[in-house]
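These are my notebook entries on a two-chain model. I set down what I looked up, entry by entry.

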Amino acid sequence: MTSHRSALAAVLLAGALAVAPVAASSAAPAKAKGPTAADCAGCHESADKPVKADALKGSVHEGLACTDCHSDIKDLPHADKPAKADCSPCHAQAVTDWKASPHAAKPGGATCASCHGSHQITAGANEGSMRRGIRQVQVCGACHAKHPGPHGGTGEAWIMNYRNSVHGDAVLNKGMNVAPSCATCHGAHALRALGKADAASKVKIAELCGTCHAQAFASFRASAHYAALQKGSAGAPSCTDCHGEHTIQGPQGPGSPVAPLAVPQTCGKCHADKSAMENFGLPSDRVATYTDSYHGIALKEGDLKAANCASCHENHGVLPASDPASSINPANLEKTCGKCHPKAGKGFSQVKFHQAVSPQGARGAWFVRVFYIGFIGILILGFVLHILAEMFARAKGRKVVR
Amino acid sequence: MTEKGTVGTVERMTRAQRLVHLVLMVAILMLVFSGLALAYHEQGWAHAIISLMGGFGGRNVVHRTGAVLLVLVFIYHVIATNVSASHQRNALASVPKPADLKAGWATFLWRMTGRGEAPKYGHYTPMQKFQYWLIFLGCLLMGLSGVVLWSPKISLELFPKSFFDLMLVVHSSQAQWAFIILLVWHLWDVHVAGGNFPMNPAWITGRMREDLYRAQHEGEWEAMQKGTKE
């Protein structure tokens, strides 16, 4: 194959020398007209960074001539600083996308070769290919570890976070190339902006995660959170608000914000925030009343089977009680509570949950508590008087009985 | 059996009473520690207690075992005071009377001013009666609210959730009332007050030093000397 191509190139070269230059450059790689690989090697094999005649051997581009990519070189000797290799004739879309990306916008930004290498570019399934997640982490990480991270500092911590995440673990340690690596979320040639500042961007994040997590996305699309995003409420959460981004872990992963123990805090980021909840007309005492409940205490003390927020409210498909499809709609409470209390009867469907003991909440209980506080106060006062009276009598030398 | 060589002793508690007192004490300690750990769950010491009991499940076992013990003691106590003659006598002695209120007040006045006379107490001092009946009432309320809380499944079938919440408040508040009476006031009285320091040994030996018995239950003492029971 190679020798056949070389022979063809030689014939064409001979033709080109005889005939006036042909109008070149179509979408297909131009057949070599200029110097041969051997001609190039004549100088470049002895250069500071030597390039041998067989530089492309074994690469995906094996068989192409030097001038197929270094297409501005038509003749020898060439200009002192010829242009960089041009990938666009074959990879037009990739180059167009790249040109529109932040990588192309800044001088010194990543070019084709920064990521893909130059002469030894390998095919998709091979180890060195950018289609491999492991390679992406190495290549993107090499630059971005030095660059500022999205929230200050260098990107190094962000890359480390990814490496330790459930996604990073799958890609780097378990050899699961389908698991997401850099380009899966951030895009490759056309970098994807993953902002969270507005509701539309948050919807995009959900859609992106949904390309793999279809079932979770389907539930989320039916949820109150997604409905709020659709209405343009940037305060409503998308996937990453609960799961994190680079740090993402499964429910059992270390430090996971969706681990049973962490769920109340994760939901509480918004649901315990008074001003945030006021925007939605929602109560902000739900986390406090939970952590003070039997479920909340049991969970905190390590009973991971104890109900957390998601046990009753669902996770992705959370809906308000007024929605008939909601797990906490009175009609569904028997079933929802029944997940843990198998014989839960109708008693559960009449129940008001998250009732604070206060004049606004459980008023009767509040009244009883106030009574008790008063009575216990009197008991303590009586006890103190009892002690003081005895000590006083002793000091005065009076006979002390009980 | 004498203490300090020369001082004689008087029987204060029978063997059966001491046994019941011991079971009651163990039950209350189990209940108070495991219960307060729940009521004050946000405190570090509460977490330490729960860990010590083997986590949340272990805490439940301790609390419910204590509850069963307390209920058994309570039932025994109620039956015994109705069938046994000696218990009946004690029960009658524990009935609060207007005189107790007067005696309590008189004691306080005498201690503070030295006027009048120190009242003479019977088998139970007014303070003991006060504490006994508060704890009796406390046990009833703790038991009833505890039964409701034991199984939300059953109690929510029978009562509205607001009643369940009410019982939760009663249970935890009543527990703190019992804590003040038993672990603070009662322990002060039997270990420190009235010359009992370091301890009134009646709960172990069943007997009290004569001089202390006389000082603390002078009315009963005088009746005993005359050969009649109060």
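**Entry 1. Domains and conventions.** I began with the distance between two domains: the centres of domain 2 of chain A and domain 4 of chain A, taken over C-alpha atoms, are separated by 76 Å. The domain assignment of chain A gives domain 1 (2–69), domain 2 (92–192), domain 3 (249–358) and domain 4 (371–402); such bounds come from an automatic or database domain assignment. I note that this is a predicted model, in which local features need pLDDT of at least 70 and side-chain atom pairs count only at pLDDT 80 or more, while totals for chains, interfaces and linings use all residues. Residues are numbered from 1 along each chain as its sequence is written, and chains are lettered from A and ligands numbered from 1 in the order in which they are written.

**Entry 2. The two chains.** I looked up the secondary structure, in which helices (H or I, at least four residues) and strands (E, at least two) are DSSP runs numbered from the N terminus. Chain A has 21 helices and zero strands, and chain B has 11 helices and two strands. In sequence order, the pattern of chain B is β-α-α-α-α-α-α-α-α-α-β-α-α. The C-alpha trace of chain B spans about 60 × 40 × 35 Å along its principal axes.

I then took burial: a residue is buried if 20 or more other C-beta atoms lie within 10 Å of its own, exposed if 12 or fewer, and partly exposed in between, with C-beta atoms placed from the backbone. Of the 402 residues of chain A, 26% are buried; of the 230 residues in chain B, 30% are.

For contacts, I used C-beta atoms, placed from the backbone, within 7 Å. In chain A, 47% of the contacts between residues at least 6 apart in sequence join residues at least 24 apart. In chain B, residues 24 or more positions apart account for 64% of the contacts with a separation of 6 or more.

**Entry 3. Helix α21 of chain A.** What span should this helix have? The expected span is 1.5 Å times one less than the number of residues. The 33 residues of α21(A) (residues 363–395) should therefore span 48 Å, and the end C-alpha atoms are 48 Å apart, in agreement. I list the buried residues of α21(A) as A365(A), L379(A), H386(A), E390(A) and A393(A). They pack against α5 and α8 of chain B. After the helix comes G397(A), with a positive phi near 75°.

**Entry 4. Where the chains meet.** I found 39 residues of chain A in contact with 38 residues of chain B. On the side of chain A that touches chain B, α18 (294–300) and α21 each supply at least two residues. The most comes from α21(A), with 15 residues. That side divides into 21 nonpolar, seven polar and 11 charged residues; here Ala, Val, Leu, Ile, Met, Phe, Trp, Tyr, Cys and Pro count as nonpolar, Asp, Glu, Lys and Arg as charged, and the others, Gly among them, as polar.

**Entry 5. Nonpolar cores.** A core here is a set of buried Ala, Val, Leu, Ile, Met, Phe, Trp, Tyr and Cys residues joined through C-beta atoms within 7 Å. Which members of the largest core touch the most others? Of its 25 residues, they are A298(A), A27(B), I28(B), L31(B), I50(B) and L70(B). Two or more residues each come from α18 of chain A and from α1 (15–39), α2 (44–52), α3, α6 and α8 of chain B. The largest share, seven residues, belongs to α1(B). Apart from this core lies another of 14 residues, among them V357(A), A362(A), L156(B) and F164(B).

**Entry 6. The α19–α20 loop of chain A.** V318(A) lies in the loop between α19 (309–313) and α20 (330–338). Is V318(A) buried or exposed? It is buried, because 23 other C-beta atoms lie within 10 Å. Its C-alpha atom is separated by 7.2 Å from that of H225(A), 93 residues apart along the chain. E314(A) lies in the loop between α19 and α20 as well; its phi is positive, about 70°, although it is not a glycine.

**Entry 7. Cis peptide bonds.** I recorded a cis bond from L76(A) to P77(A), with omega near -10°. Another cis bond runs from F197(B) to P198(B), with omega near 0°.

Conventions
Contact = placed C-beta atoms within 7 Å.
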